[in-house]
Amino acid sequence: MEEKINILYKGNGTKADKVIVIDAGHQHRGMTEPEPNGPGSEVMKAKVTGGTVGNFTGLKESILNLRVSEYMRDILLAKGYSVVMVRESEDVKISNIERAEMANAHSAAVFIRVHANSSASPETSGALTICQTAQNPYNGELYGECRKLSEIMLDVFCRVTGMNKCKIWETDTMTGINWCKVPATIMEMGFMSNEHDDRLLNTDEFQHKAAEAMCEGIEEYLNSK
Ligand SMILES: [Zn+2]
């Protein structure tokens, strides 16, 4: 079967030169083989994990991420942007380095990595975004743009969806960020370990709203430049 990965959809009109690369986080099966978590790094991490599962709904995170990403694709195309889908199938094998390199190869105006979270504390709830620190040895020069993108995305996401706002998490441990040469953020839409978030994330209505919110955030970020 042909893997549905790295699929380019050309936009129409004046916004078509802006390519939004959407990475629906994870995939059906993780890949445990190690890869360096940054260019030249000796720290190795698994190529990609299978993601979490809703504690109350049983919904697989990778499936949730893909559904929301596909809604985003349709909304962004309707607005005229070009879109690259890192994957459109569960049955793929794409490491986190490969995901970042797809975004680099397309000179992404925004690389959005769509995820949902999990915590050992069942009461932890809400959305957060993730970017590198200003001291990141691989792409610290992108910190300003990534921080701004992460702030706008989180603000708009929580405003539009009503999701509780957690924080922006700055970390240099994310392979899929460390290899980026373009503005990137990870959106953690909610905690699948929290009953409220998990049940909400499992509704088609919220998945649509989440997609609309992220597309609005992307547009606001691009308009701020
Ligand atoms: Zn995830």
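**Group meeting: pocket, zinc site and sheet**

Strand 6 contributes four residues to the lining of the largest pocket, the most of any element. Before I go on, this is a predicted model, in which local features need pLDDT of at least 70 and side-chain atom pairs count only at pLDDT 80 or more, while totals for chains, interfaces and linings use all residues. Residues are numbered from 1 along each chain as its sequence is written, and side-chain values use heavy atoms, with hydrogens and water left out.

Some terms. Helices (H or I, at least four residues) and strands (E, at least two) are DSSP runs, numbered from the N terminus. A pocket, on a 1 Å grid over the protein atoms alone, is an open set of points where a 1.4 Å probe fits, with protein on both sides within 12 Å along at least five of seven lines; lining residues have an atom within 4 Å of a point.

The largest pocket has a volume of about 380 Å³, counted as the space filled by probe spheres set on the points, which are joined across faces, edges and corners. It is lined by 23 residues, and those closest to its centre are His26, Thr49, Asn96, His115 and Met174. Two or more lining residues come from each of strand 4 (44-48), helix 2 (96-105), strand 6, helix 4 (175-178) and strand 9.

Now the metal. Which residues are the protein donors of the zinc ion? They are His26 (NE2), Glu61 (OE) and His115 (ND1), at 2.1 to 2.2 Å from the zinc ion. Donors here are N, O and S atoms within 2.8 Å of the metal (3.2 Å for Na, K and Ca); water is not among the atoms, so sites may look incomplete. The spacing of the donor residues in sequence is H-x34-E-x53-H. His26 sits in the loop between strand 2 and strand 3 (31-36) and His115 in strand 6, 89 residues apart, so this pair links distant parts of the chain.

Seven strands form an open sheet in the order 1-5-2-6-9-7-8, with mixed pairing; two strands pair if DSSP finds at least two bridges between them. At the edges are strand 1 (5-9) and strand 8 (165-170), each pairing on one side only. Strand 1 runs antiparallel to strand 5 (residues 82-87), with four bridges joining them. Ile7 has Met85 in strand 5 as its bridge partner.
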